[in-house]
Amino acid sequence: MINTVVINDNVNSLKKLKSMISQKEELKLIADYKNPIRCLNQLKKNKRELKLIILDTNIMGYSGLEVAKNIHKLDKKIKIIFIASNQDHAVEAFELNAFDYLIWPVEEKRFAETIARLEKH
């Protein structure tokens with residue numbers, strides 16, 4: 001089971017992500033956040049066996065790339081999948097060791113392929 005957190009401030013995107021996660025028996029959604037600072041504070045307090053964070057590149061005016069850097073300061077083993085509306089930050093994301101970078105609208109087949117690769121790690 002891959003314990004997963006989603007950070008996304010768009011209600012429709014969050015709903016879609018939660019739906020895709022619920023369809024993957026390998027994933028267990030343990031929390032979702034609209035505010036990345038709140039998520040970081042929770043991670044500092046409670047370092048559960050979190051394995052995956054799915055986040056946008058821009059959340060409530062915060063850079064998802066900066067959020068990812070802070071996540072990896074807390075735990076480098078957490079895998080990060082970015083989901084963005086464009087590929088503008090893809091190179092930077094992979095420089096931060098992103099596991100994947102998906103573009104909205106995310107195809108369920110593509111999401112499933114990413115999760116299958118994640119399971120092998």
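This is a predicted model: local features need pLDDT of at least 70, side-chain atom pairs count only at pLDDT 80 or more; totals for chains, interfaces and linings use all residues.
A salt bridge here is a side-chain nitrogen of Lys or Arg within 4 Å of a carboxyl oxygen of Asp or Glu, and a search of the whole structure finds seven of them. Residues are numbered from 1 along each chain as its sequence is written, and side-chain values use heavy atoms, with hydrogens and water left out.

**View A. Glutamate 26 and lysine 24 form a salt bridge.** The closest N and O atoms of this pair are 3.9 Å apart. Both residues are buried, a term for under 20% relative accessible area, with exposed meaning over 50% and partly exposed in between (1.4 Å probe, protein chains only).

View B. Glutamate 66 is partly exposed at 39% relative accessible area, and lysine 69 is partly exposed at 36%. Helices (H or I, at least four residues) and strands (E, at least two) are DSSP runs, numbered from the N terminus.

**View C. Aspartate 100 and arginine 110 meet in a salt bridge at 2.7 Å, N to O.** Aspartate 100 lies in strand E7 and arginine 110 in helix H5 (residues 108-119), so the pair ties together parts that are ten residues apart in sequence. Aspartate 100 is buried at 4% relative accessibility, whereas arginine 110 is partly exposed at 33%. Asp100, Arg110 and Arg117 are linked in a network of salt bridges.
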